[in-house]
Amino acid sequence: MKVKIGRNDPCPCGSGKKLKKCCETLPASPASAASYSWMAPDGVHVVAPGGPLTPAAWDHLTQTYQNQVRQSPMWKQMVQEFGKAKAAERLKEFQVKPG
């Protein structure tokens, strides 16, 4: 069963914003187009269809990614290993960049 998310509901990306002020404003990619991702020594790489993203879209994706890391077991591991302040500093290195 698929749950419909309304425009005034919180965005599923975890930003805390309403959907209409967050991810709904990003350009949608065609449903039939495939995307590919892979891990490499320098990070995760993703190739997806669509045109180039704006700097605001890159920033939004970075914030979304960092929020997801904070909600993951990886964040707890980082805090245990480095302490909260150093983990937060290291999290700033987790950025979405054009490649």
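**Helix H2 against helix H3**

Helices H2 and H3 cross in a right-handed sense. The model is predicted. Its chain has 99 residues, and its secondary structure consists of three helices and two strands.

**Overall make-up**
- Of the 99 residues in the chain, 16% are buried.
- The chain has an accessible surface of about 8,000 Å², and carbon and sulfur atoms account for 56% of that area.
- Taking contacts between residues at least 6 apart in sequence, 30% link residues at least 24 apart.

**Geometry of the H2 and H3 pair**
- Helix H2 covers residues 73-82, and helix H3 covers residues 84-91.
- The two helix axes come within 7 Å of each other, with a crossing angle of roughly 125 degrees.

**Residues at the contact**
- On the H2 side, the contact is made by Trp 75, Met 78, Val 79 and Phe 82.
- On the H3 side, the partners are Lys 84, Lys 86, Ala 87, Ala 88, Arg 90 and Leu 91.
- By type, the residues of this contact comprise seven nonpolar and three charged, with no polar ones.

Notes:
Residues numbered from 1 in each chain as written. Predicted model: local features only at pLDDT ≥ 70, side-chain atom pairs only at ≥ 80, totals over all residues. Heavy atoms only, no water. Axes fitted to C-alpha atoms, helices over the stretch in contact; angles between N-to-C directions. Helix = DSSP H or I, 4+ residues; strand = E, 2+ residues; numbered from the N terminus. Left-handed = near helix turned anticlockwise from the far one by under 90°. Contact = heavy atoms within 4.5 Å. Nonpolar A, V, L, I, M, F, W, Y, C, P; charged D, E, K, R; others polar. Buried < 20%, exposed > 50% of the residue type's maximum accessible area, 1.4 Å probe, protein only. Areas by Shrake-Rupley, 256 points an atom, 1.4 Å probe, with all protein chains shown as cover.
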